[in-house]
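Welcome, and please load the model in your viewer. We will go from stop to stop, and each one tells you what to select next.

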Amino acid sequence: MAQLHPVTLRVAEDTESDGLEPSPDNEGALHTSFHQLIEEQSSLVEAGLELEMQARGRAHPSALAPPDACAAAWPEPGEGEQHPGHATTLRILASMPSRTIGRSRGAIISQYYNRTARLRRRSSRPPLQQLCHTARPSLRQYDLETDPGRATLEEKRSLLVKELLSLSPSQRSHMLLTVPLSLAEKRTLRQELSWQKGSLRRHPQHRASSSPCGWSKDYVVIGCRGLWYRLLSLLPAAQPWHYSLKQISGRFGSSVLSYFLFLKTLLMFNIFSFFILLTFVVALQAAYPPALAGTQPFTGLELLTGAGYFTHSLLYYGYYSNVTLNDPCASSPNGSACPLAAPRLPYNMPLAYVFSVGVSFLITCVLLVYSMSRSFGESYRVGSSAGDLAVKVFCAWDFKVIQRRSVKLQCENIHTQLKELLAELRSRSHSLSLCQRLGRSAVILLAWILSLSTVLGCVLAVHYFSEHMHGVQQDHQAQGSSKWQREAILLVLPLVVSLLNTFLPHLYNLLAVWEKLDSPAAQVYVAICRNLILKMVVLGLLCYQWLSRRVVCSTEECWETCVGQELYRFVVVDFIFTLLDTLFGELVWRLILEKRLKRKQRPEFDIARNVLELIYGQTLTWLGILFAPLLPAVQTLKLLLLFYIKKTSLMRNCQCPSKPWQASRMSTVFITLLCFPSFLGAAVFLSYTIWSVRPSETCGPFQGLETIYKSGKTWLQVLERSNPNITWFAWVLQHLVDNTFLLFFMSGVLLAVIYFNIQVVRGQRRIICLLKEQIANEGEDKTFLIQKLHTIYEQRERRA
């Protein structure tokens with residue numbers, strides 16, 4: 001048998017004068033270097049081969065056998081085993097960095113020793129040409145495993161510890177984090193580092209050269225750093241609902257988790273808006289309450305209707321005054337002289353009211369755009385399912401988890417994510433014929449015609465019913481009916497609208513069953529579109545009716561207060577129907593399935609319907625923030641209760657989705673729907689109210705003005721008269737507010753930012769696709785080169 005010629009690539013340890021490695025993109029350089037490698041291996045003499053085999057035999061006794069024996073150990077090709085040329089291929093593969101890095105701990109420690117020494121010698125970062133092309137550390141320059149003359153594992157570890165001690169703490173921590181060793185090896189290195197540092201502190205020379213102040217400073221720094229690390233470790237657990245969200249993700253997957261994350265986002269928006277209004281409007285008005293004619297007794301029905309005791313309270317627009325709060329002469333009658341001086345910092349309530357609402361909307365808009373852009377980036381950086389599947393299989397486990405409950409939760413989470421990825425791959429591989437696609441398109445078109453017809457019917461029904469109830473309400477007011485009857489009539493319209501919003505999504509679910517869409521994500525998107533069209537059209541009709549009937553409420557109270565009460569009732573009734581739907585749609589239906597029908601099946605969590613309920617409730621809150629400043633507080637309480645109620649019902653009454661699917665882009669869709677149909681519609685409604693609608697004449701902070709917008713001009717005039725030195729400031733503000741070009745410019749900048757963010761995300765997706773193609777091509781290149789090597793050695797075997 002012919003002797004085997006092993007491939008051994010020896011490169012000296014790099015110095016400052018090392019040359020560049022051939023780039024994978026330079027085909028000529030690769031061909032030249034590969035050809036030189038073949039020529040070098042072809043020119044090896046027998047003596048060099050025997051010396052190398054003897055050197056390898058010290059670490060591997062099986063390698064001491066003569067070449068003929070090694071060749072004889074391989075079966076003949078005709079026996080169905082590997083060809084002798086495969087041994088050389090296996091040796092080449094075994095010497096590759098991806099194989100060596102997981103086999104030799106001594107090689108890793110030696111490599112990081114050399115890297116640490118270079119880092120200590122250099123004051124700056126190494127140049128880019130000396131970095132390896134792959135993310136994993138390369139061992140091409142260190143043939144440590146095959147060279148028995150190198151140091152032992154303990155010696156290598158001690159050298160690495162000494163070099164790590166010479167680094168700064170940040171560089172040392174980074175080096176320990178990046179070294180590809182097990183946690184036990186890293187723990188051993190850290191223990192040796194701490195022991196070495198302790199011995200250095202106890203050394204007499206070190207003690208003589210250090211002062212007690214230096215010792216105390218070191219101990220204080222170490223203690224503060226340990227405390228800081230402990231606080232950082234507690235930071236994830238301090239986040240609201242951290243464990244609950246982990247539990248939901250583990251049992252039900254990312255699709256159901258997206259609903260609760262969206263609820264958490266809405267809660268943050270409402271808390272922020274409530275904090276602004278509470279600080280600058282509500283708290284100050286409570287400190288300077290206006291003089292009221294009289295308050296009505298509290299009966300408990302006000303919690304549903306929002307009328308009665310709540311009418312003249314901080315909850316509604318009509319309670320707030322139109323004067324300077326801290327001005328002692330604000331309440332003096334006209335024409336009477338005020339002996340007290342004006343305050344240095346006057347607080348104008350109308351100006352504070354409109355600016356607080358405007359700032360709240362502006363900051364909410366900025367947060368929405370930021371959340372949407374970030375969500376776009378995160379969702380489109382996910383990549384294909386094939387790569388994610390490999391990552392989940394090999395890299396998903398967190399080895400820092402040691403508690404039994406956390407380990408079980410992580411197992412469930414990884415199991416659910418793998419099912420989602422496999423279901424997505426299965427749905428992509430499914431194909432339909434032309435006739436099946438045409439039939440499905442006809443069914444989908446008919447389902448959309450039916451859904452849009454129901455939306456039109458609901459809008460007409462709400463319009464005529466609202467006209468009828470408006471007449472009934474006027475008749476009861478003229479007849480002098482009891483207070484209980486008048487307030488009960490106010491709840492009829494919210495009840496009818498909430499009934500339509502509750503039962504029509506179930507009809508849309510029946511249409512979805514008829515459509516038989518394969519993708520669960522497509523089912524959710526279609527259901528969201530249909531429900532969104534229904535809710536937004538109904539809300540648009542109600543907004544038109546509220547603004548057109550503002551004169552009706554002006555006889556007794558502010559029409560703004562009437563609109564605020566109507567929105568409060570819609571929010572409360574929507575919450576009640578959400579609870580009833582959770583009770584009957586999940587709990588009662590589970591009991592029927594288990595007790596009556598004797599099935600082990602449970603109802604699934606309807607993501608589309610629940611998400612649209614959140615968007616609908618948040619839209620009501622944004623519409624009513626001008627008329628009821630405390631409505632964000634009501635919405636905050638509602639969202640808190642919804643989270644715990646929905647979580648409890650989900651855990652006890654619902655099952656995992658029958659078709660697991662990955663909701664990587666669902667959060668992006670939710671934020672987008674919240675921004676454009678919901679927030680944009682509320683902003684248009686409030687902008688029209690501020691710029692075009694005349695406020696009430698008898699109550700509210702803007703009484704006596706043509707529009708709410710005029711309050712800003714009035715304040716500027718007062719500012720000019722009070723201090724002529726700041727006339728320029730009033731001129732700048734007036735031109736900034738009056739000039740419509742600024743509004744269009746800000747809108748254009750906002751749209752440009754959104755457009756550029758979308759283009760950047762698209763560019764990142766394109767780059768990711770190109771990089772994946774490049775990785776695949778490089779893998780094919782390596783396969784081609786190995787095959788060429790195998791062919792060359794086969795030819796040499798035949799010649800021998």
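A salt bridge here is a side-chain nitrogen of Lys or Arg within 4 Å of a carboxyl oxygen of Asp or Glu. This is a predicted model, in which local features need pLDDT of at least 70 and side-chain atom pairs count only at pLDDT 80 or more, while totals for chains, interfaces and linings use all residues. Residues are numbered from 1 along each chain as its sequence is written, and side-chain values use heavy atoms, with hydrogens and water left out.

**Stop 1: the whole chain.** Colour by secondary structure: there are 27 helices and zero strands (DSSP runs, H or I of at least four residues for helices, E of at least two for strands, numbered from the N terminus). Of the 800 residues, 37% are buried, where buried means under 20% relative accessible area, exposed over 50% and partly exposed in between (1.4 Å probe, protein chains only).

**Stop 2: salt bridges.** The structure holds 10 of them. Select Asp581 and Arg609, whose closest N and O atoms are 2.1 Å apart. Asp581 sits in helix H21 (residues 559-596) and Arg609 in helix H22 (residues 607-624), 28 residues apart. Is Asp581 buried or exposed? Asp581 is buried, at 8% relative accessible area, and Arg609 is buried at 8% too.

Next, pick Glu594 and Arg602, a salt bridge at 3.2 Å. Glu594 is partly exposed at 24%, and Arg602 is partly exposed at 25%.

Then go to helix H27, where Arg798 and Glu794 lie four residues apart, about one turn of the helix. Their side chains meet at 3.8 Å, N to O.

**Stop 3: the core.** A nonpolar core is a set of buried Ala, Val, Leu, Ile, Met, Phe, Trp, Tyr and Cys residues joined through side-chain atoms within 4.5 Å. The largest has 107 residues, with Phe262 and Phe361 making the most contacts inside it. Helix H12 (residues 242-287) gives the most to this core, 15 residues. Centre on Phe361 and look for its contacts (heavy atoms within 4.5 Å), which include Trp622, Ile625 and Phe679.

**Stop 4: helix H27 again.** Select Phe741, which is in helix H27. Is this residue buried or exposed? Phe741 counts as exposed, at 56% relative accessibility.

Notes. Lists of a residue's contacts leave out its neighbours within four places in sequence.
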